[in-house]
Structure formats: C-alpha cells, structure tokens
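Hello,

Here is the structure for you to look at. My notes follow below it.

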Amino acid sequence: MSNACTRVAGASLVALACVVLFPSATWAQQASGIAGVVRDTSGGVLPGVTVEAASPALIEKVRTVVTDGEGRYNLVDLRIGTYTVTFSFAGFNTFKRAGIALTAGFTATVNADMQVGALEETVTVTGAAPLVDTQSVRQQKVISSELAFR
C-alpha cells in the first residue's frame, strides 16, 4: 500500500506541475502585434498608407503593411521588444511613433492622425524642336542692303 500511495502522490505532483507550468509556457509563446486606424486631421480614414514597424527584435528589422479601405492596419506575429512605427503616404507628412514596448500576447493600439504635407507639383514642358533640313547641303549668307547696293 505504501507503494500505491507513492505512485498517487507522484502522479498528483506531475499533474499539478503541468497545470501550473503549462499556462505560463503557452502565454510566453503567444504572438504580439500592433494595430490601429490611420486618419487625416479632419477625421477621414486613409486607405493605402504604408505602415512600417521597425525593431532590432525582428529578424528582418522592418515589417511593412498597408492600410485597408477603412484605414485599418494590423501587424501580426511580432516578437517581444521595442518598436518604432512609421506612417507614410503621398501628399502627407510622415508620422512616427517610437518607444512602443510589446510584451508576450499583447497587441498595442497605435492610431495615427496624418497632416497634409507640402503638395508636389509636376511641370511638363512640351515643344517642337526646330526643323533641320538634313537632305540638302547649301550655304546661305545674309547681306545687308547697304552692302548689296555699293
């Protein structure tokens, strides 16, 4: 009977260890992320904004996504670490948020309000090149009327 009690106690101890240790191991493996909405200063959503998350914790150093039709983005499967998020869009000033600390299983909400930047203009100049006769060879001289009547 003593041997049976030892087995039950050992099995109970193993079960207790699994209950205590398994959730924390699972929690440590949960992915982190950064998500949010990008708007202009009037509150309108901005689809097509390039969102870059940079961190030394990433193997590729920078992860990039583009906002959807509702101005939303979602950077998933990020490693634990500190991130800098940069938002860029043609015609708008670049918006940057630094020092975003991600822990395991945490999705940080980072929204951006982008301001209209300096508008770029493209000037296109069109014109015809002067016609050059490349078929005939002749030399012409212009003589003033004073020299012609002397």
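**The open sheet**

Four strands form an open sheet, in the order β3-β2-β5-β6, with antiparallel pairing. Strands here are DSSP runs (E, at least two residues), numbered from the N terminus. Two strands pair if DSSP finds at least two bridges between them. β3 (62-66) and β6 (95-102) are the edge strands. Each has a single partner strand, so one side of each is left without a neighbour in the sheet. From one strand to the next, the twist averages 20°. Angles run from 0 to 180 degrees between N-to-C directions, and the axes are lines fitted to C-alpha atoms.

This is a predicted model: local features need pLDDT of at least 70, side-chain atom pairs count only at pLDDT 80 or more, and totals for chains, interfaces and linings use all residues. Residues are numbered from 1 along each chain as its sequence is written, and side-chain values use heavy atoms, with hydrogens and water left out.

Now look at β5 (residues 81-88). Six bridges join β5 to β6, and the two run antiparallel. Thr82 has Ala101 in β6 as its bridge partner.

**Strand β1**

- β4 (residues 72-78) runs antiparallel to β1, with five bridges. Ser32 stands opposite Leu78.
- β7 (residues 107-109) runs parallel to β1, with three bridges. Gly33 stands opposite Thr107.
- β8 (residues 112-114) runs parallel to β1, with three bridges. Asp40 has Met114 as its bridge partner.

Best wishes
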